[in-house]
Amino acid sequence: MAVYSDYAKDRIGWFFGLTGSQLGTLALTSLPVFWAINAQQWPLVGTLALVWALLAVLVVVPVRGRSATCWLLATGKYAVGTLSGWTRFRSHAAAGRPEDLAQADLPGVLAGITIHDGPPQGPTLARAAIIQDKAARTWAVTCSITHPGIGLADAATRVRQGAGLADLLDVCARTELIDELLILVRTVPDDGAERDLWIRQHRRPTSPALATQVNDDLAATLARASVRTESFATIVVPETRLGREAREAGGGLEGRARVLYLLMGEVEAQLRGGLNATDVTWLTSPQLALAVRTGFAPGDRAGIIEALNERETNPAVNADVPWAHAGPSGADVAPRHYSHDAWNSVSATVKLPDKGAALGALAPVLVPSEPGERRSLVVAFPLLRQTTADRQSANAEWAADMGASLRAKAGVKMRARQRADAAKTYHLDDKLARGHALTRPYAVATVTVAKTTRISEYGRKLDAAIRRAGYAPLRLDLAQDAAFAASTLPLGVSLTRRSDA
């Protein structure tokens, strides 16, 4: 089995593990202590030294992935948002004042998203959905993937598909347009809608009663334990990069769509080739609306499938989900979970282990622990430009050299983990010189259950599944709404992108 462990920390503190901002903060706040020493005011020296030590703990010591200062800022923002009512969402349709049905009405970080229909393409003249995020100033397109999986694949096949993923990232980086690639997988409880339709259309009145009863009992028993897997891939392009190319392609929405269509062709070729995807379908606006609606409310899929089947015999039936109704009727953000309609969700990020990870090791995270539970996982690959990657690699090498020199002069022995991090930093420059792309991957897993169950219990089960897969979970407290949107909805939402990207 191939184990991938050639990854390093994004930033290595050059002064005994401290970053530049941490060291600067500690240096500035220590000046009053030295002023008191110079004035020989010893009682004041003791008081200021205690205050400085407390501040050092708040700035330096991490608590569940963040410093105490970051926790205080996040808690303050959450309190202000709660008191101002910003964390509560009610859709226009639920309030009795629906507006344009084609306009998306989504909560939180999704409020700035607009869906456009691209130009017709291919023999079917399908119009791919163009996702515009006005808040983040990005454009994205999403495809649905059918993949045979790697559960029964041998070691050679896994290595080949791992190399195919690396090639896909290199191709995305060489376009100098794609800023991020997101691969999203949802394990959804099987509602049996397709099977019920098939039985209704093919069961004969003359069928033996015993055979019919046995078939129905098996369906009722197995449907509770059956799941379906939905896979999506989304490419995200910032407006700052797409705008220049779009002007050469005619400008406006149509020019941007032409550029995105070219990128879609390159990505699809890599998905079908190196990653062995058997089918890649770029979602149209109705298909994307269905994916978003079932992301917020997994129980609505059965009724939509029934309407789609009825439309085949009665064209007057409207089976499409309008974007004004694709979101939840109401959503509330709690510190440790996200509430949307009749469902609750808990999200946790997946920390990469020091011992490395095998391709397919995240499979236990997607296995539901109880009937009716929905699991989803996004693996995001933010791509850095070559100039940015070279600069960060040089800074990381300088920080590693500086840290090693300071430890040697101070007589502090380097630990094994510090030596391993430094070696990976030096090896990174070799890979960049060979033309590989630099990425900052991260993964977020989410569990969704009905409000009639205890969401805290399922959150603990999700953490246990992540640990069973060999990773470490980190609950995304105070950011559950953004984590849900990134890990469950294929709309190109990222946890690392800023509005000025």
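Reply: The second largest pocket holds about 520 Å³ of space. A pocket here is an open set of points on a 1 Å grid over the protein atoms alone, where a 1.4 Å probe fits, with protein on both sides within 12 Å along at least five of seven lines. Its volume is the space filled by probe spheres set on the points, which are joined across faces, edges and corners.

This is a predicted model: local features need pLDDT of at least 70, side-chain atom pairs count only at pLDDT 80 or more, and totals for chains, interfaces and linings use all residues. Numbering starts from 1 along each chain as its sequence is written, and side-chain values use heavy atoms, without hydrogens or water.

The lining of this pocket has 25 residues, each with an atom within 4 Å of a point. Nearest the centre lie Ser-144, Phe-232, Leu-283, Gln-287 and Leu-290. At least two lining residues each come from β7 (138-146), β9 (227-238), β10 (279-282), α10 (285-296) and α11 (301-313). Helices (H or I, at least four residues) and strands (E, at least two) are DSSP runs, numbered from the N terminus. By type, the lining splits into 11 nonpolar, seven polar and seven charged residues. Nonpolar means Ala, Val, Leu, Ile, Met, Phe, Trp, Tyr, Cys and Pro; charged means Asp, Glu, Lys and Arg; the others, Gly among them, are polar.

Now a hairpin. Strands β5 (residues 113-121) and β6 (residues 126-133) run antiparallel, joined by seven bridges; pairing takes at least two bridges found by DSSP. Gln-121 stands opposite Ala-126 in β6. Four residues lie between the strands, and Gly-122 takes a positive phi near 75 degrees.
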